[in-house]
Each structure stands twice: as C-alpha cells, then as structure tokens.
Amino acid sequence: MSEAVAVHGAVDPAETPLTPENWGKLGMWLFLAGDAMSFGGLIVAYGALRHHSKSWPVPAEVLGINLTALMTFLLIVSSVTMVLALAGLQDGDKPRFKKFMSLTILGGAIFLGLQAYEWTHLIGHTLPHYNLAFSKDLFATTFFVLTGFHGMHVTGGVIYNSCVLAAVNRGRYQAKHVEIAGLYWHFVDLVWILIFTFVYLL
Amino acid sequence: MATTAHSHHNYIKIFIILSVLTAVEIAITLLGLPRTLLVAMLVGLAVWKAALVALHFMHLKIEKKTLTLVAIVPFVLCIFLSLMLLPDVYPR
C-alpha cells in the first residue's frame with residue numbers, strides 16, 4: 001500500500017494517469033481520431049480538387065443554405081439534448097435522461113429525413129438544371145461523398161443512441177456508457193459544422 | 001448539486017453561442033466581402049464552433065490531458081496533409 005502511494009507520489013500532480021474508468025472514453029477518442037483523419041482526408045481532397053477545377057459552381061446557389069442552416073441548428077440542438085440526457089442520468093434522474101435521449105434520437109432522425117429530402121430534390125431537380133451529376137463532375141461527386149459519409153455517421157449514431165437508450169432502460173448501461181455514446185454524437189455534430197462551412201458556405 | 005446546476009447553465013450558454021455563431025456565418029456570406037477575407041472569417045468561425053463543441057460538450061476542458069492529446073493528433077496531421085499538398089495545388 002505504501003509502495004502504491006510512493007508510485008502515485010512520483011506522478012506529476014497536474015496529471016493523474018488514466019484509470020480503468022477512462023479506458024472506454026480513451027477507446028472512443030482513439031476511434032474518433034482515426035475517423036477524424038478520414039473526414040480530414042476527404043475535406044483536404046475536396047479543397048485540392050476544387051482549387052484545381054477550371055469552373056466550380058457557387059455552392060450556395062446550387063445547394064441552397066436555408067435548409068442546411070436548419071439542419072445545422074438541429075444537430076447543435078441534438079448535441080445539447082445529449083449533454084442534458086447525460087447530466088440527467090448522472091443526477092440519477094432516469095425520466096429526464098429518457099426524455100432528452102429520445103429527443104436526441106428524434107433530432108438525428110429528422111436530420112436524416114431532411115438530408116434525404118435534400119438529396120432527392122438535388123438529384124431530381126437542381127443538379128440536372130445545372131447539368132451536374134454524381135460521378136460526372138467533381139462538384140456533385142465531392143458533395144455526395146462528403147455529405148454521404150457524414151450521413152452514414154448520423155445513421156450509425158441514431159442506431160447507437162437507440163441501443164444505449166434501450167440498454168439503460170434495461171439497467172445494463174450506466175452514465176459512463178452514455179458519456180461514451182455522447183462523444184460519438186458530438187463528433188458527428190462537430191464534423192457537420194466543418195462540412196457546413198467548407199461545402200455549403202465557402 | 002450546485003455544480004450540476006452550474007454545468008447545465010453552461011450547456012445552454014454554449015448552445016446560444018453556437019446558434020449565434022451559425023447566424024453570423026450565414027450573415028457574412030451575404031455581405032459580399034472580398035473572397036480571401038470571407039474564407040478566413042468562415043474558417044475561423046467554424047474552428048471556433050468545433051472547439052466549443054469539443055471543449056464543453058465533449059468535456060475536453062475538464063478531461064484528462066491524455067484525451068486532449070489524442071484529439072489534437074488528427075487536427076495536426078490534417079494541417080500537415082494540407083501543407084504537403086500545397087506543391088501540387090500551386091504548381092510552378
């Protein structure tokens with residue numbers, strides 16, 4: 001025991017080592033770091049291809065900003081409901097957790113519905129009007145690859161969050177599991193903030 | 001209990017800041033600013049918003065520094081990737 005104390009004493013008091021309670025979070029952060037590099041690679045490739053293209057449509061004109069701004073706001077709201085759900089469970093208030101977790105899942109599902117509507121509208125009306133199409137030109141291709149890769153992440157997040165809600169309801173998951181799911185969900189929100197700027201606004 | 005109440009208040013504050021920053025982003029695209037200035041401002045705002053999410057919602061501000069270190073690595077590598085592509089993007 002005294003040896004353990006001595007070992008602890010040798011550690012810089014500003015930083016305690018990661019304890020087993022942190023391993024789940026560390027695992028998720030390592031996954032997210034890899035995932036961030038996938039998104040980073042796609043965004044950097046998008047920038048290089050766009051810079052090299054002789055002509056590039058004005059994204060705001062072709063894609064429209066209003067619906068996407070609403071989608072951005074929706075993801076930010078669902079991030080807030082996620083932290084409030086976690087705070088609820090940490091306070092031991094299960095009904096509050098269920099309420100906010102359900103709202104988080106609903107927010108993700110509405111986001112996906114809006115994205116499906118956006119894609120349908122783009123493929124059916126807007127892109128043909130500008131003579132653009134997936135795999136025919138870089139503007140449409142990079143758009144669908146980037147937003148599609150993100151949309152897959154949202155889909156995964158909605159499924160993940162639903163499983164976490166069910167597992168907490170059955171008493172199998174506690175607050176620490178919700179926190180790890182939260183990291184994933186906030187990451188999806190964070191990436192959308194960047195995609196909104198690079199793909200839609202710039 | 002007082003600390004949790006405080007952190008809830010904080011979440012709502014961050015939410016309001018994120019919403020305002022999003023509105024600012026859309027507003028400055030309508031101003032007709034010079035391209036370089038617009039790009040610099042929009043990228044700055046996006047990084048600011050992303051940092052707010054990571055620091056407050058993902059708790060990096062109160063987390064152990066090891067996790068922050070993990071989070072910073074892909075960011076640094078992506079900047080490195082961009083720099084490595086510069087000779088291709090600006091051929092002489």
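Analyst: A nonpolar core is a set of buried Ala, Val, Leu, Ile, Met, Phe, Trp, Tyr and Cys residues joined through C-beta atoms within 7 Å. A residue is buried if 20 or more other C-beta atoms lie within 10 Å of its own, exposed if 12 or fewer, and partly exposed in between, with C-beta atoms placed from the backbone. The model is predicted: local features require pLDDT of at least 70 and side-chain atom pairs pLDDT 80 or more, while totals for chains, interfaces and linings use all residues. Residues are numbered from 1 along each chain as its sequence is written, and chains are lettered from A and ligands numbered from 1 in the order in which they are written.

User: Which residues touch the most other members of the largest nonpolar core?

Analyst: Ala85(A), Val191(A) and Ile195(A) do, in a core of 64 residues. At least two residues each are supplied by α2, α4, α5, α6 and α7 of chain A and by α1, α2 and α3 of chain B. Helix α7(A) provides the largest share, 18 residues. Helices here are DSSP runs of H or I with at least four residues, and strands are E runs of at least two, numbered from the N terminus. Ile195(A) is in contact with Leu146(A), Thr147(A) and His150(A), leaving aside neighbours within four places in sequence. Contact requires that the C-beta atoms of two residues, placed from the backbone, lie within 7 Å.

User: How do you know whether Asp189(A) is buried or exposed?

Analyst: Asp189(A) has 29 other C-beta atoms within 10 Å, so this residue is buried. Asp189(A) lies in helix α7 of chain A and touches Leu75(A), Ile76(A), Ser79(A) and Val53(B), not counting residues up to four places away in sequence.

User: Is Gly107(A) buried or exposed?

Analyst: Gly107(A) is buried, because 25 other C-beta atoms lie within 10 Å. This glycine is found in helix α5 of chain A. Leaving aside neighbours within four places in sequence, Gly107(A) is in contact with Leu74(A), Val77(A), Ser78(A) and Thr81(A). The C-alpha atoms of Gly107(A) and Ser78(A) are 5.5 Å apart, at a separation of 29 residues in sequence.

User: Why is His59(B) called partly exposed?

Analyst: His59(B) has 18 other C-beta atoms within 10 Å and is therefore partly exposed. His59(B) sits in the loop between α2 and α3 (65-89) of chain B, and its phi is near 60°, a positive value in a residue other than glycine.

User: What makes Asn131(A) exposed?

Analyst: Asn131(A) has 9 other C-beta atoms within 10 Å, so the label is exposed. Asn131(A) lies in the loop between α5 (94-129) and α6 (138-169) of chain A. The phi of Asn131(A) is likewise near 60°.

User: How many residues does each chain give to the contact between chains?

Analyst: Chain A gives 37 residues and chain B gives 36 residues. On the side of chain A that touches chain B, α2(A) gives the most, with 14 residues. By class, that side has 24 nonpolar, nine polar and four charged residues. The predictor gives the complex an ipTM of 0.88 and a pTM of 0.89.

User: Where in chain B is confidence lowest, and where highest?

Analyst: Confidence is lowest in helix α1 (residues 2-29) of chain B, at a mean of 82, and highest in α2(B), at 94. The score is pLDDT, the predictor's confidence in each residue, from 0 to 100. Over residues 1-5 of chain B the pLDDT is below 50. The mean pLDDT of chain B is 87, and 88% of its residues reach 70 or more.

Technical notes: Ala, Val, Leu, Ile, Met, Phe, Trp, Tyr, Cys and Pro count as nonpolar, Asp, Glu, Lys and Arg as charged, and the others, Gly among them, as polar.
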